[in-house]
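Dear colleague,

I am passing on the structure we spoke about, together with a short account of what turned up in it. Please read the notes below with the model open beside them.

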Amino acid sequence: MRPREARAQALADLADMMRDPDEEHRKRIAAAVASSDSVAVNTSFRLAESAASDWLSPMLFSGAVAYRGGPALCVVGSYEEVAAYLYAYKEAGISEFIFSGWPTRDEMRIFCTRVLPLLHRHERAGQPAARAAS
């Protein structure tokens with residue numbers, strides 16, 4: 001998860017995070033995936049490998065998966081964009097998420113103080129995601 005005040009800032013922080021990737025670690029992750037029988041792990045890697053320019057959608061970045069593993073699918077955008085995106089998943093019937101970030105404590109603090117209140121606002125208003133994202 002990479003929510004920031006503005007989308008441009010989120011994209012810049014993502015670029016910083018991905019600068020100088022550890023290729024040896026990527027090889028270890030690839031070897032672990034190759035020997036894994038986990039459907040979730042293998043699906044995450046297949047999705048990431050098929051993504052054009054490391055993006056599965058305008059909000060979902062997959063470029064870190066090869067370096068961080070399957071859970072590294074990353075929602076990137078402004079606080080409001082991320083809240084609206086997550087609300088769209090809730091509208092589709094998704095009721096549970098597993099979030100992480102790098103560094104974990106800082107990113108979870110951002111999520112809890114900046115994104116979660118906006119997500120709760122969408123829930124209280126019952127806004128369809130199409131309206132919420134605009």
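**The pocket and its lining**

In the largest pocket, helix H3 contributes the largest share of the lining, namely four residues. Please bear in mind throughout that this is a predicted model. The volume of this largest pocket comes to about 520 Å³, and among the 19 residues that line the pocket, those closest to its centre are Leu60, Pro71, Leu73, Phe97 and Ile98. Helix H3, which spans 39-50, and helix H5, which spans 79-91, each provide at least two residues of that lining.

**Salt bridges**

Side chains of opposite charge can pair when their charged atoms come close. The structure contains eleven salt bridges, and I describe a few of them here.

One of them pairs Arg2 with Glu107, with 2.9 Å between the closest N and O atoms. This pair links distant parts of the chain, since Arg2 sits in strand S1 (residues 2-4) and Glu107 in helix H6 (residues 104-125), 105 residues apart. Arg2 has a relative accessibility of 6% and therefore counts as buried, the cut-off for buried being under 20%; Glu107, at 4% relative accessibility, likewise counts as buried.

Arg4 is buried, as is Glu107.

A further salt bridge is formed by Glu81 and Arg7, whose closest N and O atoms are 3.7 Å apart. Here too the pair links distant parts of the chain, with Glu81 in helix H5 and Arg7 in helix H1 (residues 7-18), 74 residues apart. Are these two partners buried, partly exposed or exposed? Glu81 counts as partly exposed because its relative accessibility is 27%, and Arg7 is partly exposed as well, with a relative accessible area of 23%.

Finally, there are salt bridges that share partners, and these join Arg2, Arg4, Asp13 and Glu107 into one network.

With best regards

Notes: Residues numbered from 1 in each chain as written. Predicted model: local features only at pLDDT ≥ 70, side-chain atom pairs only at ≥ 80, totals over all residues. Heavy atoms only, no water. 1 Å grid on protein atoms, 1.4 Å probe; cavity = no way out; pocket = protein on both sides within 12 Å on 5 of 7 lines; lining within 4 Å. Points joined across faces, edges and corners; volume = space filled by probe spheres on them. Salt bridge = Lys/Arg side-chain N within 4 Å of Asp/Glu carboxyl O. Buried < 20%, exposed > 50% of the residue type's maximum accessible area, 1.4 Å probe, protein only.
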